[in-house]
Each structure stands twice: as structure tokens, then as C-alpha cells.
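Hi,

Here's the structure I said I'd pass on.

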Amino acid sequence: MYLVTLLGNLLIILAIGSDQHLHTPMYFFLANLSFIDTCFTCTIIPKVLVNIHTQRHTISHTGCLVQMFFFMALALLDDFLLAVMAYDRYVAICLPLHYTTIMCPQRCLLLVSISWLFSNLLAFSLTLLMAQVSFCASHSIPHFFCDLLPLLKLACSDTHTFHLMMFTDAALSGVVPLVCVLVSYAHIMHTILRIPSAGGKHKVFSTCGSHLTVVILFYGTVFLVYFQPSSSYSADTGMVASIIYTMVTPMLNPFIYSLRNKDMKGALWRLFGFGKSCTL
């Protein structure tokens, strides 16, 4: 699963980078998403594999905080980037005549840069607060990586400030991007319904169907884990949901975005040198 995730996402990045036809805002954001998913998986899975191989299921306090920071930063970045991609689809479908003006290279780079900045700031603030939490109970984390809620279960110091900051971050990094996604797709659906032909509707919807699938997978599992009272947190449910968004979703993303995308399939064929002999 780990190798499939790495190979799939790296192929997406190489295909987009090597094909001039894919040097557009949509594929620029997709390449960034693939890069983030690659880093996201590398933050967690290698340590899990080492633990399984050595049978030593341990991690230092500093190592745990570092892993938590990168996990949160990349997860938040994934969140922001999905919202940016939804906005891109909104402009492409609802404002097609202004698309090249609105989604110019400078603005695309600015949107990605802002996403990186905010995700790192929010992750750093939570990591800094977690570093001040005392752990005097069992040091056995009921999880396969250093996640927020399992660590808070082990805390014996006051975590009121941390919970307040966590829910503030959740509102900024979870609710705001989700609202952006929902508003964008509400406008997209309104535009699609106004298209008279069924073929036209299908063609327009196919351009955002892959993104919508990834959004549902990502937000569904994230909300299941984090948007619930910590008192009702279930380690088993949290672990299953975490496996989905840390392993399964990054592995599925390349397939979701490439299997039904003729441009991406063509770029992959050309990457392997079959562009002239194969017609898609």
C-alpha cells in the first residue's frame, strides 16, 4: 500500500511536469496535492514499518511532537488545497470567460503559498501547546502514530487551553474550507442544471467528479475523528478512520484523478513513451 501510494503520486507529478498540455491551474493544484499526499504518507508509514520490523513500538517525546507537527501541517494543507481546487472548478465552470484572468499563474502560486503558510502556523501553534502538556499516566498511545486526541487522553495537566485552541483551529482549517467547497459546488450544480443537453451536463460534471469524490473521502473521515467531543472519542473508531485518511485516501487519489481523466491518461502514456502508438 505504501509503495503504491508513493509510485502513484510520483507518476502524477512526473506526468504533469513533463506534459505541456497539463500546465494549467487545475493540474498545478493536482500536482501539489500529490506531493502533499506523498509527504503525508512518509510522515507516518515508515515509522510504522520500522516498528513492525524491529518489534519496538516506541518513539521519543521529541520525535512524537515532530511527527505530530508534520502530520497536522500536511493534513491542514490537504484541507486548504481541496478548497482551492473547488474554487478553481467554480471559476472554470461558472465564469469560463474570466478563467485565465482570475486563475493566472501568480494567483495560483499565491493561493498555494497562503495554504502552506496557514497550515504550518496552525500546526506549529498546536505542537507548541502540546509540548507544554504533562503526561503522568500510561505512556502507551492507543494508536499507530502521534495523533492529537490519543495524546490528550494520556495528559494529566489542564488541557482546557489546548482544547480551546484545537477547536479554534478546527473552525479555521475545517469549517471555513468546507464552506468554501460547499458554496463552490452549489454554484457549480446551479450552472450544470441550466445546461439544456444531458451530454453537456455530463461533460461539465466529469471535470469536477474526481475532486468531489476525494472531498467526500477526506472530510468524511476527518469529521468522524476530530469533530466530536473528546469524552466520546473511541480509539477503535479513530484508528479505522485514521487508516482511511492517512493510507487509503492518499493511495486512491492518483487512481481517482487519472482513471477517468483522458488528459491524465494520455500524459501517463506519453511519459512511458507510448504516446504515438496508443490512442485514448
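**What I found**

Phe69 is buried, with a relative accessible area of 18% (buried means under 20%, exposed over 50%, partly exposed in between, using a 1.4 Å probe and protein chains only). Phe70 is partly exposed at 42%.

Before I go on: this is a predicted model, so local features need pLDDT of at least 70 and side-chain atom pairs count only at pLDDT 80 or more, while totals for chains, interfaces and linings use all residues. Residues are numbered from 1 along each chain as its sequence is written, and side-chain values use heavy atoms, with hydrogens and water left out.

Now the aromatic pairs. Rings of Phe, Tyr and Trp (its six-membered ring) pair if their centres lie within 6.5 Å; planes under 30 degrees apart are stacked, over 60 edge-to-face, the rest tilted. That rule gives five aromatic pairs. One of them, Phe40 with Phe71, is stacked, at 5.6 Å centre to centre and 20° between the planes. Phe40 lies in helix α2 (residues 25-54) and Phe71 in helix α3, so the pair ties together parts 31 residues apart in sequence. (Helices are DSSP runs of H or I, at least four residues, numbered from the N terminus.) Phe40 is buried at 0% relative accessible area, and Phe71 is buried too, at 3%. Phe69 and Phe70 make an edge-to-face pair, 5.2 Å centre to centre with 70° between the planes.

As for α3 itself, 26 of its 34 residues are buried, so the helix is largely enclosed by the rest of the structure.

Cheers

Terms used
Helix = DSSP H or I, 4+ residues; strand = E, 2+ residues; numbered from the N terminus.
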